[in-house]
Amino acid sequence: MSNIEIYNGIFTEVFGVSADALGASFSKENNDQWDSVHQLSLVSLAEDRFDIMLDPEDILGFTSYEKGIEIIRNQGVEF
Amino acid sequence: MLLDLDKIEKERTAVLDSGGRSLVYGDIIRLGDTIRAAVSGRSLMFILTENNAGGVAWVMASILSGNVPLILNAHTDPELLANLCGIYRPQYICRPCGVVSSAETGNGETVAETFGYRLESTGNGPCGLHPELSHLLPTSGSTGSPKLVRHKYDNIEASALNISTFFRLTEQDRPLMVLPLYYTMGLSMVFSHLKAGATILITDLSMTDAGFWKFLKEEQATSFTGVPFSYEILDKMRFTRMKLPSLTLLTQGGGKMPPELNMKFAEYCRDNGKRWVATYGQSEGTARMAWLPEEYAISKAGSIGIAVPNGRLSLRDADGNEITGSPATGEMCYSGRNVTMGYATTRADLALGDERNGFLPTGDIAYRDEDGFYYIKGRMGRFLKIFGNRIGLDECEQIVRAAVTCECACTGSDDRLVVWLTDTGQADAAADALVRAVRLPANVIETRIIESLPRNEAGKTLYSKLN
């Protein structure tokens, strides 16, 4: 599975949406389900699946589909 | 006056929110007068709250004004809200100005508007309300259960007294409140801190929002109250490495902490001159019924402690007889003035009196050790506590039943909600409906397919056979 597929899978698991709903507009701002429970679930799954460890700033910054990719990329994961 | 609020200096700040709004004690009392003048006699109101200064003002002032509010989340699913309106037919609905009225809940005339909320009349007729009835809370905030807990004025006084006593609250306190106002533990924080003349720091921000951390630090919160999940976030945010000298009390309720996490915070507090206090409560007991004094946080880790001041815990066996010796295991019961009057499932129930007389079987199975400390071992009732939210399994089943055409049942543990269905093809529909209504991450909801549901001769689902 490619990294983007793994990444999309995390969102599917947490939000119960299909991959075609994901993209630039999928963010905390546009999704009222996106609360701290969902955000921490995203972060924890991302840490597990990509074997990375995120800093508090990254956890706070993980507020959209695109920002998440940026944060994970900064940990040396290629998309 | 309730909680002796009129004895506190009027210009003292009662609430400060993360949006920069604040109110003084006098504002709450004046709003009570405004509401009393705006409505026609003691009325049933729905108050749809956000966690902000206006929310605290409206909740407290509606109670002070002699009206009876049902306190709800302003973002309750519209269908659930319409259902509640249909059952209870409130005479007034108060909502944040930014939240639009939906057709089902009426588009009445605005009778008062202030602190960011407006009160509308619905046109529903008067409601028989028991003279002691003070306010109502849903049994499960997240599923918007139509079953309500009936509280009386004396519950508010008792709960505020008990809690402010064991936390030793003073007017110097600045508690940080992230728990919702419509959640019993959040509301009890309001009662106990206002009684003490403290300044409540309230926020709607998620704990994973940078603004939350800014608010905590800038406003120099002196205490934090959370559910186990709140502490998972604090831990992830490397809380124990932060310099927060003002914050001297950390308290936890709303379910059992994972043992390692509990010990981590207990040790951190011990080593840094802070208090770590685990508590136990339920809406039926106006929040807290037990607390673990900080000096036992490590030696009795995992315990919910002892009864709160002025209360009494006991165990009873399957026949309903009290178990006097220790150690022992049985159903934990609580007696005290904070025990609520009972439930309501219809509008007529709001006229009912006290059905419990200060005694509450908690539905939790507890172990009491030789020193008299209690430990929760299991639950008799049909609900889960996921991320600190009480999830009623019967309500979940109703939500699923409305979304599918096959047979269904809900079970689970405190980290997982399991939906049993007899048709594979409807699993997505069931999960979607729950994700929308209950607002849980999809990955804590598991659907399992079964050929047919185990039932007894009367047709009742045999939940014990599902696992």
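1. How many bridges pair β25(B) and strand β26 (residues 416-421) of chain B in the antiparallel sense? The pairing runs over 6 bridges. Strands pair if DSSP finds at least two bridges between them. One example: Ala409(B) has Trp420(B) in β26(B) as its bridge partner.

2. A word on the basis. This is a predicted model, in which local features need pLDDT of at least 70, side-chain atom pairs count only at pLDDT 80 or more, and totals for chains, interfaces and linings use all residues. Residues are numbered from 1 along each chain as its sequence is written, while chains are lettered from A and ligands numbered from 1 in the order in which they are written.

3. Chain B overall. Its secondary structure comes to 10 helices and 27 strands. Helices (H or I, at least four residues) and strands (E, at least two) are DSSP runs, numbered from the N terminus. The C-alpha atoms of chain B fill a box of roughly 65 × 55 × 45 Å along the principal axes.

4. Of the 467 residues of chain B, 49% count as buried. Buried means 20 or more other C-beta atoms within 10 Å of the residue's own, with C-beta atoms placed from the backbone; 12 or fewer means exposed, and in between is partly exposed. Strand β25 (residues 408-413) of chain B has 5 of its 6 residues buried, so it is largely enclosed by the rest of the structure. Among contacts in chain B with a separation of 6 or more, 65% join residues 24 or more positions apart. A contact needs C-beta atoms, placed from the backbone, within 7 Å.

5. The core. The largest nonpolar core has 153 residues, and Val419(B) and Leu434(B) have the most contacts inside it. Helix α2 (residues 53-64) of chain B gives the largest share, 9 residues. Such a core is a set of buried Ala, Val, Leu, Ile, Met, Phe, Trp, Tyr and Cys residues joined through C-beta atoms within 7 Å. Beyond its neighbours within four places in sequence, Val419(B) touches residues including Cys408(B), Cys410(B), Leu434(B) and Ile445(B).

6. Helix α4 (residues 153-166) of chain B. Its 14 residues reach 21 Å from first C-alpha to last, close to the expected 20 Å. The expected span is 1.5 Å times one less than the number of residues. Buried residues of α4(B) include Ile156(B), Ile163(B) and Phe166(B). The buried residues of α4(B) pack against β8 (133-138), β9 (148-152), α5 (184-196) and β15 (287-292) of chain B. Just after α4(B), Arg168(B) takes a positive phi of about 55°.

7. An open sheet. Five strands of chain B stand in the order β18-β17-β19-β21-β22, with antiparallel pairing. β18 (322-323) and β22 (374-379) of chain B are at the edges, each with a single partner strand, so one side of each is left without a neighbour in the sheet. Strands β17 (residues 312-316) and β19 (residues 328-335) of chain B are joined by 5 bridges. Ser314(B) has Cys333(B) in β19(B) as its bridge partner.

8. The interface. In all, 16 residues of chain A are in contact with 20 residues of chain B. On the chain A side, α2(A) supplies the largest share, 6 residues.

Methods
Contact = placed C-beta atoms within 7 Å.
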